[in-house]
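Work through the exercises below with the sequence and the model open. Try each task before reading its solution.

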Amino acid sequence: MTTEPVLRHRSDLTGSEVWEGDARQVAAAMASGSCSLAILDGPYAMQKAVWDRMKVTDLPEWYRPHLEDVDRVCGPSASLYLWNTAEGWAAVHPVILSMGWTFRALVVWDKKNTAASMAWKKTNRWPVTHEVCGYYVRGGPMFSATYPRSVWSLAVQGWADERVHTGVVRPGAKNQDGVSCMVSESLHPCQKPILFAERMIRASTRPGEFVWAPFGGTLREAVAAERIARADPEEARRVITAELNQDGVDYIGPALRQMQGLGTRRVDPRQALLFGAPASTGGA
């Protein structure tokens, strides 16, 4: 007899509500039509973690129940973003279309990988230097062209500075002289730049509207929502997100500390104004 995972309410902050547990349980408690945006960044079938060990051909059926939840919790006019590899997006794309969503664009993330990080001397194929994000709509959702280009990039150092880390330093890729560079271990293998989540939220929602992000990871959408809410309360949206912590790692705690202005490797001098003083997060 299996026991259903227990949901833990980890935080209820200005612009976000964070749950630890199964996203489907959280979605089941949400009112139908309550959200105007969903952002999905789940498995890519790249074998990077326990939750990612599947075949690309398995992705459509894996995502289907979560997309059915999105279909219910989103209103008649809504937007949907799906992050994945090009192959993974192509596999799931027909399922999204079959549920009545209209494809609008494919956003490309130029990751600006360095030659060293790709071990270019050993590669036997064209290296993957990007990820894609399918953008879909139904009805007549709003869209504010705050950032109209469909290829997004972020400076490598800027992205590294905002990533959540474990605190462990280990040898990384070797440089051209054969010397390993020491790198800080990333807490989660699939952290997107916070700015990307902010662009999606600002472009596809109005102040006061709700966003569903079922695969929280290091809570990029929630962090973005907090940044918006605390910089300008009148622009606040509300992100509801869940993270299962399936591989036994607490991704939520460090991300919550980042929301409070703690835990980034390089402290932006504006951070005190952006996030304010550390406060209780409502959970361990």
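The exercises that follow concern a predicted model, and they go from the whole chain to single residues.

**Exercise 1. The chain as a whole**

Task: State how many helices and strands the protein chain has, and what share of its residues count as buried.

Solution. 
Step 1. Count the elements: the chain contains eight helices and 11 strands.
Step 2. Take the burial: 47% of the 284 residues count as buried.
Step 3. Look at the contacts between residues at least 6 apart in sequence: in 74% of them the partners are at least 24 apart.

**Exercise 2. The largest nonpolar core**

Task: Find which residues touch the most other members of the largest nonpolar core, and which elements each supply at least two residues of this core.

Solution. 
Step 1. The largest nonpolar core has 32 residues, and those touching the most other members are Leu40, Leu67, Leu80, Trp101 and Trp212.
Step 2. At least two residues of this core come from each of α1 (23–28), β3 (35–40), α2, β4 (74–84), α3 (86–98), β6 (130–138) and β11 (238–243).
Step 3. Another core of 31 residues lies apart from it, with Cys133, Tyr135, Ile194 and Val223 among its members.
Step 4. Return to Trp101 and leave out residues up to four places away in sequence: Trp101 then touches Val70, Asp71, Cys74, Ala78, Ser79, Leu80, Ile96, Tyr136, Val137 and Arg138.

**Exercise 3. Tyr135**

Task: Decide whether Tyr135 is buried or exposed, and list its contacts beyond four places in sequence.

Solution. 
Step 1. Locate the residue: Tyr135 is in strand β6.
Step 2. Tyr135 has 10% relative accessibility, and the limit for buried is under 20%, so Tyr135 counts as buried.
Step 3. Beyond four places in sequence, Tyr135 is in contact with Ser79, Leu80, Tyr81, Thr102, Phe103, Arg104, Ala105, Phe143 and Ser204.

**Exercise 4. Helix α5 and Ile194**

Task: Explain why α5 can be called largely enclosed by the rest of the structure, then describe the surroundings of Ile194.

Solution. 
Step 1. The helix has 11 residues, nine of which are buried, so α5 is largely enclosed by the rest of the structure.
Step 2. The buried ones are Ile194, Phe196, Ala197, Glu198, Arg199, Met200, Ile201, Ala203 and Ser204.
Step 3. For Ile194, which is in α5, the relative accessibility is 5%.
Step 4. Setting aside neighbours within four places in sequence, Ile194 is in contact with Glu162, Arg220, Val223, Ala224, Arg227 and Gln258.
Step 5. Ala222 is 28 residues from Ile194 in sequence, and the C-alpha to C-alpha distance is 9.2 Å.

**Exercise 5. The largest cavity**

Task: Say which residues line the largest cavity and which element gives the most to the lining.

Solution. 
Step 1. There is one cavity of 30 Å³ or more, and the volume of the largest cavity is about 40 Å³.
Step 2. The lining consists of Asp41, Trp83, Lys192, Pro193, Phe196, Ala197, Met200, Arg220 and Glu221.
Step 3. Two elements give two or more residues to this lining, α5 (194–204) and α6 (220–231); the most comes from α5, with three residues.
Step 4. Sort the lining by class: five residues are nonpolar, none are polar and four are charged.

**Exercise 6. Positive phi and a buried histidine**

Task: Where are Ala45, Leu219 and His66 placed?

Solution. 
Step 1. Ala45 lies in the loop between β3 and α2; its phi is positive, about 60°, although Ala45 is not a glycine.
Step 2. Leu219 lies in the loop between β10 (210–213) and α6, and Leu219 also has a positive phi of about 60° without being a glycine.
Step 3. Ala45 is buried at a relative accessible area of 12%, and Leu219 is buried at 0%.
Step 4. His66 belongs to helix α2 (residues 59–73) and is buried, with a relative accessible area of 10%.
Step 5. Apart from neighbours within four places in sequence, His66 is in contact with Arg24 and Phe215.

Methods: Residues are numbered from 1 along each chain as its sequence is written. This is a predicted model: local features need pLDDT of at least 70, side-chain atom pairs count only at pLDDT 80 or more; totals for chains, interfaces and linings use all residues. Side-chain values use heavy atoms; hydrogens and water are left out. Helices (H or I, at least four residues) and strands (E, at least two) are DSSP runs, numbered from the N terminus. Buried means under 20% relative accessible area, exposed over 50%, partly exposed in between (1.4 Å probe, protein chains only). Contact means heavy atoms within 4.5 Å. On a 1 Å grid over the protein atoms alone, a cavity is a set of points where a 1.4 Å probe fits but cannot get out, and a pocket is an open set with protein on both sides within 12 Å along at least five of seven lines; lining residues have an atom within 4 Å of a point. Grid points are joined across faces, edges and corners, and a volume is the space filled by probe spheres set on the points. Ala, Val, Leu, Ile, Met, Phe, Trp, Tyr, Cys and Pro count as nonpolar, Asp, Glu, Lys and Arg as charged, and the others, Gly among them, as polar. A nonpolar core is a set of buried Ala, Val, Leu, Ile, Met, Phe, Trp, Tyr and Cys residues joined through side-chain atoms within 4.5 Å.
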